[in-house]
Amino acid sequence: MPAADEPAAPPHEVVLQDYDQHGRIWSLDVTTGVLTPGSGRCHGFVHLTDASRRGDVAVAAALYADGPGAGTLWLQYGPTRWDCSRVAVRQASEADGHRLFTVFGTGGPELELRYPAPDPGPLDPAYDWIVTVADDFFLWAAERLGDDGGSTRHTLTEHFGAGFLPD
């Protein structure tokens with residue numbers, strides 16, 4: 001235990017690119033889920049949930065690797081994070097238009113997040129599946145993590161671990 005005059009170890013943080021606003025960079029404290037403005041090479045993506053409709057504070061949801069040489073891909077929601085090799089993720093569309101994002105651990109569902117589908121605005125004939133995925137972080141994450149062979153997870157882990165420059 002450090003002496004009272006010694007600085008405490010800094011919190012473990014990872015630099016992430018904002019999924020929705022690609023020019024924005026965040027530093028995520030992985031122990032608390034708190035975001036602060038960041039800079040540098042990004043090691044994944046973060047999405048701020050739209051909790052403001054309920055008057056709640058937005059929660060950070062992220063998919064990332066810990067940094068250079070990282071061998072683990074992490075999924076995080078608020079202060080809770082999961083090793084992606086140890087959980088299953090599913091995203092489903094419900095009849096009323098809402099989406100349900102679920103993280104399954106060995107004991108069953110560990111996170112069930114129900115949220116409205118992104119609004120594409122007025123009828124846009126160019127609004128296709130690619131745009132749908134781009135508008136929905138949870139759908140994007142579920143598709144990446146739903147790869148049964150694991151090649152997508154492996155590629156993301158290598159890419160995020162090495163870091164990338166933001167768009």
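How many residues does α3 have, and how far does the helix reach from its first C-alpha to its last? α3 has twelve residues and reaches 17 Å, close to the 16 Å expected at 1.5 Å a residue; the expected span is 1.5 Å times one less than the number of residues. The model is predicted, so local features need pLDDT of at least 70 and side-chain atom pairs count only at pLDDT 80 or more, while totals for chains, interfaces and linings use all residues. Residues are numbered from 1 along each chain as its sequence is written, and side-chain values use heavy atoms, with hydrogens and water left out.

**View 1. Overall arrangement of the protein.** The protein has three helices and ten strands (DSSP runs numbered from the N terminus: helices are H or I of at least four residues, strands E of at least two). From the N terminus on, the elements run β-β-β-β-β-β-β-β-β-β-α-α-α. Of the 167 residues, 41% are buried (under 20% relative accessible area with a 1.4 Å probe, protein chains only; exposed means over 50%, and partly exposed lies in between).

View 2. L156, T157, F160 and G161 are the buried residues of α3. They lie on the same side of the helix because they cover an arc of only 120° around the axis, taken from the directions from the helix axis to the C-beta atoms. The face turned away from this buried side carries the exposed residues E158 and A162. Cover for the buried residues includes β4 (44-48), β5, β6 and α2. G163 follows α3 and has a positive phi, near 90°.

**View 3. The largest nonpolar core.** This core (buried Ala, Val, Leu, Ile, Met, Phe, Trp, Tyr and Cys residues joined through side-chain atoms within 4.5 Å) has 29 residues, of which L63, L75, F101, F137 and F160 touch the most other members. At least two core residues come from each of β5 (60-65), β6 (73-77), β9 (98-105), β10 (108-116), α2 (137-145) and α3 (151-162). α2 gives the most, with six residues. A second, separate core of eleven residues includes L16, L35, V46 and Y64.

**View 4. Surroundings of F160.** Leaving aside residues up to four places away in sequence, F160 touches C42, H43, G44, F45, L63, Y64, A65, L73 and W140 (contact means heavy atoms within 4.5 Å).

View 5. C42 is buried, with a relative accessible area of 0%. C84 is also buried, at 4%. The disulfide count is zero, a disulfide being a pair of cysteine sulfur atoms within 2.5 Å.
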